[in-house]
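Hi everyone, thanks for making time. Let me put the model up on the screen, and then we can walk through it together.

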Number of protein chains: 2
Amino acid sequence: MSVITSVNLVDVRFPTSENLDGSDAMNKDADYSAAYLRLVTSDESLYGCGFAFTIGRGNEVCLMAIKALASRLVGRDAAELCEHPGRIYRELAADSQMRWLGPDKGVVHLARAAVLNAVWDLAARRAGVPLWQLLCDMEPAELVDALDLTYLSDVLTAEEAVGMLQDQRPHHAERVKQLSRDGFPCYTTSPGWLGYSDEKLDRLCREAVAGGYRHVKLKVGADAADDERRLAIARAAIGPDTHLMIDANQMWEVPEAIERVQALRHHDLLWIEEPTSPDDVLGHRTIADGVRPHGVGVATGEHGMNRVLFKQLLQADAVDFVQIDSCRLASVNEIIPVLLAASKFGKPVCPHAGGVGLCELVSHLVMVDHIAVSGHVEGRVAEYVDHLHEHFADPCVVRDGAYMLPTAPGYSAEMKPQSLASWEWPDGAEWKRRRAGASA
Amino acid sequence: MSVITSVNLVDVRFPTSENLDGSDAMNKDADYSAAYLRLVTSDESLYGCGFAFTIGRGNEVCLMAIKALASRLVGRDAAELCEHPGRIYRELAADSQMRWLGPDKGVVHLARAAVLNAVWDLAARRAGVPLWQLLCDMEPAELVDALDLTYLSDVLTAEEAVGMLQDQRPHHAERVKQLSRDGFPCYTTSPGWLGYSDEKLDRLCREAVAGGYRHVKLKVGADAADDERRLAIARAAIGPDTHLMIDANQMWEVPEAIERVQALRHHDLLWIEEPTSPDDVLGHRTIADGVRPHGVGVATGEHGMNRVLFKQLLQADAVDFVQIDSCRLASVNEIIPVLLAASKFGKPVCPHAGGVGLCELVSHLVMVDHIAVSGHVEGRVAEYVDHLHEHFADPCVVRDGAYMLPTAPGYSAEMKPQSLASWEWPDGAEWKRRRAGASA
């Protein structure tokens, strides 16, 4: 029997703010970070890695919450954890003292996501398959038992979820074959960070199209004249046949969002992302009413705190592109219910990614969505940002603008030991070197 | 010039779970706790205290977030902080790295509340007046400058807020006089904890009515037969003229909530509180549609994460009693906007209280609502729970079922040094004694 013997925690931070990578109107100085954990077992070859993604300060707060939750796993039988991944989820969710700090949102929810990500990584490693395959191969009733359907019964019952998953089973094999060949389409945000110069924007847009991307996304929301100029540069660079999306990162009030998007509509925009507060379901509906007549859809969800928010976005018809975040929702247990609900409402899921390791996790989740839930790729496109993949043991593979099917066992969540040693905050080798350089 | 020289942090926890005080269907074992801070200044007589309320585990996570935010205050001029309380609020809100962990919700938001509570306590002490008075005496434009109206412009602009506050100024003096005499009506939850026996329930209900209370609230939501029996006992004990409210603490799905409340409607219920997920604006609207025809209103907000949630509850007509929490919303800066919005929509604010120190803070907030915002008391009643007030230097005063106007300078947020020493977790004298007793 393999037992969880300890939990290793690492505060990993990268100085991405130095190059304005990841810079947008709201997040001007993101230092991409991970509150990282590794579940160690009594069997040296068996372990599970997980993380929450943050953008710097406060990563230590997430780690403390992870520590509080993950300590419950020590001493547990790995087989029991892996075979009943709904049990530990429910146990963590039922800690009413920790629940008070959310509930189901903020730091404690990020921490639950990180711990469950590690449990799923462990489960897939133990089974010797990539996570997408583990999930697709589970019996529907078994998978649904692992899901958190709390507060969703007005749109999705367990019985309905089992039925939906069952309906897709006959098509699994053909979809796996198709995904092995074509992958799952992705788009790139790499050209569009607000801090990049016009020249860099132009060059990166052209490179994106040359690299096979059919979608390019730009950050907007600070100065209106800048937005107009940058969109013109981007549209000229990518031509009329590539989709262009914009992302305001929550900068606007509701009426302001409608005005600002209407002013930019001549650039032929596929979506406006995060136009306002991520919590404002009714506001997103109002914005959708104002921009849909101009052919612009509403995308949100990167900061969508939990399944109850997504339920409402769907019920209110407030969203056109459902952007789940693999580390903000409480792992697979909460993400698959959102995939199911979105499928039922006929809305495409286009996951948020980038940051540290989000693309790695998303490369599994989009496959599960396509193979076992929604069953089609039309209108779906996952975010991809080409940063920091070199720190992962099993980095995602993107080819001709598409995520390829992961093949290694696990959830692709493991970071390289060398990367952890170099970038551990505050005393990793690279951080020490930087401080020495700064004081020299 | 007085400067903030340090921030003292204390993890205070009380073993309230031992007596099932505070027990409800969701929170079975609450250990009422405070993530407490004290802003120390270079002037020994000037300080400010604040806290976030939690129910045990995770209090240390809140403290770590408080530490991250409050460290920014060290070295600042106390006068500048106190005279421009909107500035430090905006500075903390603008930390985009910390913001990522919410935004505006969960642990980082509780931490911002705690820090700002301390700033307001400091400001009122410095002015030598109770906080309610400081706020009511501020020029409307000055007060509005301190408020967070972000994401609210579709229901409340700064100009409108100034106008609303201005309109009430001529009535301040008479209202202060009336409140000095009658206080602000409150209700008691003390009889109704789920863990109490039927005999204790009956006795405490009778004591409440004898003590002047016109409202009594019971916890429900676990076993339906228990709810029916306990409500019959309570209604018999309080008679037909005292209002009876029930609180399900988020236990139900949306359709279930409607069924359960309809089954209890013959007990003549004023409101059903927290019937489902606190995040579910649309669900509360559906529930309201199902219970209002039976004379039952919907109350929620104790876990209302931020002003954007309250905005939507009002816009959707999903709430009849607005239960702001003095430590979950980001202090006065975010609470007054909710008071203003509720007043505009004609909904009474009935603050959540209890826990550690919530009644102390609420005894200021209800006065501000009455004097400077809503202007009337009808339909308004604030929660009061008679626990743990002995640990506060300036405990709230309740007389004949009404909160009395606080008179001491500050926000009544200071805990007694002896209480902190006794109940600091894990090494306070009382906790040590308990562990010694347990191991003896």
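Let's begin with one pair across the two chains: B:Asp280 forms a salt bridge with A:Lys311, and their closest N and O atoms are 2.6 Å apart. By salt bridge I mean a side-chain nitrogen of Lys or Arg within 4 Å of a carboxyl oxygen of Asp or Glu.

Some housekeeping before I go on. This is a predicted model, where local features need pLDDT of at least 70 and side-chain atom pairs count only at pLDDT 80 or more, while totals for chains, interfaces and linings use all residues. Residues are numbered from 1 along each chain as its sequence is written, chains are lettered from A and ligands numbered from 1 in the order in which they are written, and side-chain values use heavy atoms, with hydrogens and water left out.

Back to the interface. Between chain B and chain A the count is six salt bridges, and there are also 36 residue pairs in polar contact, with both residues at pLDDT 80 or more. A polar contact here is a pair of N or O atoms within 3.5 Å; within protein, one must be able to donate a hydrogen and the other to accept it, and residues adjacent in sequence count only if both atoms are side-chain atoms.

Which element gives the largest share of the side of chain B that touches chain A? That is H1(B), with six residues. Helices are DSSP runs of H or I with at least four residues, strands are runs of E with at least two, and both are numbered from the N terminus. The residues on that side of chain B divide into 28 nonpolar, 18 polar and 16 charged.

How much area do chain B and chain A bury between them? About 5,100 Å², with 56% of it on carbon and sulfur atoms; buried area is the accessible area (1.4 Å probe) that two parts lose on being put together, summed over both. On the chain B side, B:Gln97, B:Trp100 and B:Tyr151 lose the most area to chain A, together 18% of what that side buries. The contact, meaning heavy atoms within 4.5 Å, takes 62 residues from chain B and 62 residues from chain A.

Now to salt bridges over all chains: a search of the whole structure finds 85. One of them joins the side chains of A:Glu91 and A:Arg76, at 2.5 Å from N to O. That pair links distant parts of the chain, with A:Glu91 in helix H3 (residues 85-93) and A:Arg76 in the loop between helix H1 (59-70) and helix H2 (78-83) of chain A, 15 residues apart.

Next, a sheet. Chain B has an open sheet of three antiparallel strands in the order S1-S2-S3, where strands pair if DSSP finds at least two bridges between them. S1 (4-13) and S3 (47-54) of chain B are the edge strands, each pairing on one side only. Strand S2 (residues 33-41) of chain B pairs with S3(B) over eight bridges, and B:Ala35 has B:Ala52 as its bridge partner there.

Finally, some backbone details. The peptide bond from A:Gly102 to A:Pro103 is cis, with omega near -10°, and so is the one from B:Trp425 to B:Pro426, with omega near 0°. B:Asn249 has phi near 45°, a positive value in a residue other than glycine.

Note on methods:
Ala, Val, Leu, Ile, Met, Phe, Trp, Tyr, Cys and Pro count as nonpolar, Asp, Glu, Lys and Arg as charged, and the others, Gly among them, as polar.
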